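User: I am new to this structure. Please show me how to read its features one at a time.

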Amino acid sequence: MIAIVDYGVGNLYSVEKAFAKFSDDVILTQSADVIDKADKVVLPGVGAFGDCMKNFKASGLMDAVMRAVENNKPVMGICVGLQIMFEGSEESPDIKGLGIFKGMVRKINAPGLKIPHMGWNSLTINENTHVDINLFKNIRKSPYVYFVHSYHAMPEDKSIILATSVYGEEITAAVGKNNVIATQFHPEKSGDIGLSIIKNFVEG
């Protein structure tokens, strides 16, 4: 079973629909018990870092997701779901993140370009990774994916960066270590490439 965590942030049905293409056991859930029973967990997120963290804490689901991380279940974050895996963000300085990864989330430095970074952009994939599931297996070189964000993660440990993109500066597009992986871009909105990435997570 794949549990998509619903903590009241954003429209999650497009995420559910995309994952359901590759598994007949996908549940959009607000239940900690379901997350505990799941084989894999998906943590989406949209909007502001602070709002996501406040909603996540209030939902009562945070401990269940952290148990999944600690029990070595595959966990995948999407968009702000990636950002809250870090220690904190410039966007909400008083709000702590989950601290799964060390490092902070910083505003994109892109003079002369519109913020948020919104639309299609290409990825540079890091082949030297230490993750249990390779999200980019059989993905062509420099694939295009869909972004909507104003902030990006800056990990202390650069070896966890799975992919980067360029928008004014090099931005972190995906991170991962062991059983936890996350994308800043939206795979569910990234056409065939995004579906291949989701397929790799589901079947990996």
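User: What share of the residues in the protein chain is buried?

Analyst: Buried means under 20% relative accessible area, with over 50% called exposed and the range in between partly exposed (1.4 Å probe, protein chains only). Here 52% of the 204 residues in the protein chain are buried. This is a predicted model, where local features need pLDDT of at least 70, side-chain atom pairs count only at pLDDT 80 or more, and totals for chains, interfaces and linings use all residues. Residues are numbered from 1 along each chain as its sequence is written, and side-chain values use heavy atoms, leaving out hydrogens and water.

User: Which residues touch the most other members of the largest nonpolar core?

Analyst: A nonpolar core is a set of buried Ala, Val, Leu, Ile, Met, Phe, Trp, Tyr and Cys residues joined through side-chain atoms within 4.5 Å. The largest one has 67 residues, and F19, I84 and F136 touch the most other members. Helix α6 (residues 191-203) gives this core its largest share, five residues. Helices (H or I, at least four residues) and strands (E, at least two) are DSSP runs, numbered from the N terminus.

User: How far is K73 from the nearest side chain of opposite charge?

Analyst: Lys and Arg count as positive, Asp and Glu as negative; His and the chain ends are not counted. A salt bridge is a side-chain nitrogen of Lys or Arg within 4 Å of a carboxyl oxygen of Asp or Glu. K73 is buried without a salt bridge, and D36, the nearest side chain of opposite charge, is 5.5 Å away. K73 lies in the loop between α4 (62-70) and β4 (75-78).

User: How many helices and strands does the protein chain have?

Analyst: The protein chain has six helices and 13 strands.
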